[in-house]
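Work through the exercises below with the structure in view. Try each task before reading its solution.

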Amino acid sequence: MAATYQLQIVSHEEMTYKGEVESLVAPAALGYLGILAHHAPLLTSLTEGLLTIREAQGDNKIYKVKGGILEVSAKEVVILADEIEDATPS
C-alpha cells in the first residue's frame with residue numbers, strides 16, 4: 001500500500017473535498033505538478049486545468065479548477081480554489 005496524506009480542497013462556497021489520498025496532479029503556475037506523500041513543503045499558484053486525485057482506496061477523482069493556491073506542508077495538502085467543479089466521469 002502506498003503512503004497517503006490528507007488533502008483538503010476549499011472554494012469560496014464550500015469544502016469541496018477532504019480525505020486521504022495517494023497522489024495529486026495539479027495545474028501549477030509552471031506546468032502540471034505531482035504530489036506524493038512526504039513531498040517537500042511548497043506554496044504555488046494554480047492555473048486553469050484539471051486536478052487528478054488518486055484516493056487511498058484506489059479510486060480516482062477529477063476536478064476542473066480555475067485558479068487558486070496549493071500549499072504542501074508536513075502533514076497535509078490544502079488547495080484554496082477560485083472556482084472548482086467535479087469533472088469525474090460517471
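## Exercises on a predicted model

**Exercise 1.** Which residues form a nonpolar patch on the surface?

*Solution.* This is a predicted model. The patch is formed by Val-25, Tyr-32 and Leu-50. Together they have about 280 Å² of accessible area.

**Exercise 2.** Describe the largest nonpolar core.

*Solution.* Step 1: this core holds 20 residues. Step 2: Leu-7, Ile-9, Leu-24, Leu-51 and Ile-79 have the most contacts inside the core. Step 3: two or more residues come from each of strand 1 (5-10), strand 2 (15-28), strand 4 (42-55), strand 5 (60-72) and strand 6 (76-81).

**Exercise 3.** Take Ile-9 and set aside its neighbours within four places in sequence. Which residues is Ile-9 in contact with?

*Solution.* The contacts are Glu-14, Met-15, Thr-16, Tyr-17, Leu-51, Ile-53, Tyr-63, Ile-79 and Ile-84.

**Exercise 4.** How many aromatic pairs does a search of the whole structure find? Classify what turns up.

*Solution.* Step 1: the search finds 1 aromatic pair. Step 2: the ring centres of Tyr-17 and Tyr-63 are 6.4 Å apart, with the planes at 70°. Step 3: planes over 60 degrees apart count as edge-to-face, so this pair is edge-to-face. Step 4: Tyr-17 is in strand 2 and Tyr-63 in strand 5, 46 residues apart, and the pair links these distant parts of the chain. Step 5: both Tyr-17 and Tyr-63 are buried.

Conventions: Residues are numbered from 1 along each chain as its sequence is written. This is a predicted model: local features need pLDDT of at least 70, side-chain atom pairs count only at pLDDT 80 or more; totals for chains, interfaces and linings use all residues. Side-chain values use heavy atoms; hydrogens and water are left out. Patches are made of residues with over 30% relative accessible area and no salt bridge: like charges are joined within 9 Å, nonpolar side chains (Val, Leu, Ile, Met, Phe, Trp, Tyr) within 5 Å. Accessible areas come from the Shrake-Rupley method with a 1.4 Å probe; for residues, only the protein chains shown count as cover. A salt bridge is a side-chain nitrogen of Lys or Arg within 4 Å of a carboxyl oxygen of Asp or Glu. A nonpolar core is a set of buried Ala, Val, Leu, Ile, Met, Phe, Trp, Tyr and Cys residues joined through side-chain atoms within 4.5 Å. Buried means under 20% relative accessible area, exposed over 50%, partly exposed in between (1.4 Å probe, protein chains only). Helices (H or I, at least four residues) and strands (E, at least two) are DSSP runs, numbered from the N terminus. Contact means heavy atoms within 4.5 Å. Rings of Phe, Tyr and Trp (its six-membered ring) pair if their centres lie within 6.5 Å; planes under 30 degrees apart count as stacked, over 60 as edge-to-face and the rest as tilted.
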